[in-house]
Amino acid sequence: MSQIVLPAFHMPFQSTGCNPGIGKTREAAWEWAESNDLALSPVARKKMIRTRPELWISLIFPTASQQHLDLFCQWLFWAFLVDDEFDDGPAGRDPRMCEAAIDRLVTVLDGGTPSGAMERALVGLRTRTYRGRSARWIRQFRRDTVAWLWTYYAETVERAAGQAPSRSEFVKHRRDSVAMQPFLDLHEITAGIDLPESARSLPAYIALRNAVTDHSGLCNDICSFEKEALLGYEHNAVHLIQRDRGCTLQEAVDEAGAQLAGIAQRVQRAEKELIEEIEAAGIQGRTRAALEQCVRDYRGLVRGDFDYHARAERYTRPDLVEVDERDSLSTYFAA
């Protein structure tokens, strides 16, 4: 076990609790995987159990209906399968395999014919999610989901070329690669809102989403750096800090912790500026109420994501990583 000590993180937001439907959602997620022929290998199954997608989704959506909670958890289950394939398996070491897999997933998301269990599962998720949503919301969700998927290709190519991004480049990359943006879109479903393009274009709303996403990405990197170091995975903020500063790993972790506190302050600043912009633009009615709902709920989302990383064994037990068996993970994208 590592002797690295995680700093006492600054967290200004109060917990909004955990959705009481967590147990039913966990059962529904595994039943969904089985019904979609997502036969996890023993290694992948253990990883998913330690990941606890039902915990994350229940912490960030504590008041969602059981129907929405189940749907969102199944999206997350699917996303973690994708993530583990590209991060830990050979699909993330072969640019051509990676490109072909992502291209197929994007094609299916856009209505193409699926081939294989992962793509068929995606069709079901897409159909259930798009039902009743506006064209503008679908465009946003599609844009955010596709941007997330293609980050795996960028990392695979850089890995194959022996490259690693600069810290400033990585911040922009991580904003998509952490996959928080699609879940901010899904938040609108359970919140019962549908923001117009004008609201999505407000500078402070964009800044708020970016800050929420940046907090999740850095929190994830701090909690994942030991596991990812064992796997030789370099797209991690802690690793990049240590590389650029030439400092100890403990110093890099401490700096990352200070940055995380700064991002929480950015969330608060963006909240204040968004209220000012709502007033300046004369936004009223349902749009104003929807934006104010985002301000309130995003705070709980940041705290829920933060609490999840302190509780899921995926992040708290790096000693459980099975490096020698990682090639057995890639069964979905090898064709």
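Trainee: Asp-83 and Arg-314: buried or exposed?

Mentor: Both are buried. That term means under 20% relative accessible area; exposed means over 50%, and partly exposed lies in between (1.4 Å probe, protein chains only). This is a predicted model, where local features need pLDDT of at least 70, side-chain atom pairs count only at pLDDT 80 or more, and totals for chains, interfaces and linings use all residues. Residues are numbered from 1 along each chain as its sequence is written, and side-chain values use heavy atoms, leaving out hydrogens and water.

Trainee: What makes Asp-83 and Arg-314 a salt bridge?

Mentor: Their closest N and O atoms are 3.2 Å apart. A salt bridge needs a side-chain nitrogen of Lys or Arg within 4 Å of a carboxyl oxygen of Asp or Glu, so the pair qualifies.

Trainee: Which parts of the chain does this pair tie together?

Mentor: Asp-83 lies in helix 4, and Arg-314 in helix 15 (residues 313-316). These parts are 231 residues apart in sequence. Helices (H or I, at least four residues) and strands (E, at least two) are DSSP runs, numbered from the N terminus.

Trainee: How many salt bridges does the whole structure have?

Mentor: The search finds 23. One of them joins Asp-194 and Arg-136, with the closest N and O atoms 3.3 Å apart. Asp-194 sits in the loop between helix 9 (180-191) and helix 10 (197-200), while Arg-136 is in helix 7 (residues 135-160), 58 residues away.

Trainee: Why are Asp-194 and Arg-136 not called buried?

Mentor: Asp-194 has 24% relative accessible area, so the residue is partly exposed. Arg-136 has 30%, so this residue is partly exposed too.

Trainee: What about Arg-288 and Glu-279?

Mentor: Their side chains meet in a salt bridge at 2.6 Å, N to O. Arg-288, at 16%, is buried. Glu-279, at 48%, is partly exposed. Elsewhere, bridges with shared partners join Lys-47, Asp-83, Asp-84 and Arg-314 into one network.

Trainee: How do you know how many disulfides there are?

Mentor: The structure holds zero. A disulfide is a pair of cysteine sulfur atoms within 2.5 Å. The sulfur of Cys-219 has its closest cysteine sulfur in Cys-223, 4.5 Å away, so that pair is too far apart for a bond.

Trainee: How does the span of helix 13 compare with the expected value?

Mentor: Helix 13 covers residues 249-281, 33 residues in total. From first C-alpha to last, helix 13 reaches 47 Å, close to the expected 48 Å. The expected span is 1.5 Å times one less than the number of residues. Just after helix 13, Gly-282 takes a positive phi of about 65°.

Trainee: Which residues does Asp-307 touch?

Mentor: Asp-307, in helix 14 (residues 285-309), touches Ser-15 and Leu-59, leaving aside residues up to four places away in sequence. Contact means heavy atoms within 4.5 Å. At 15% relative accessibility, Asp-307 is buried.

Trainee: How do you know where to be careful with the model?

Mentor: Look at pLDDT, the predictor's confidence in each residue, from 0 to 100. The chain's mean is 92, and 94% of its residues reach 70 or more. Residues 324-330 stay under 50. Where pLDDT is low, the predicted coordinates should not be read in detail.
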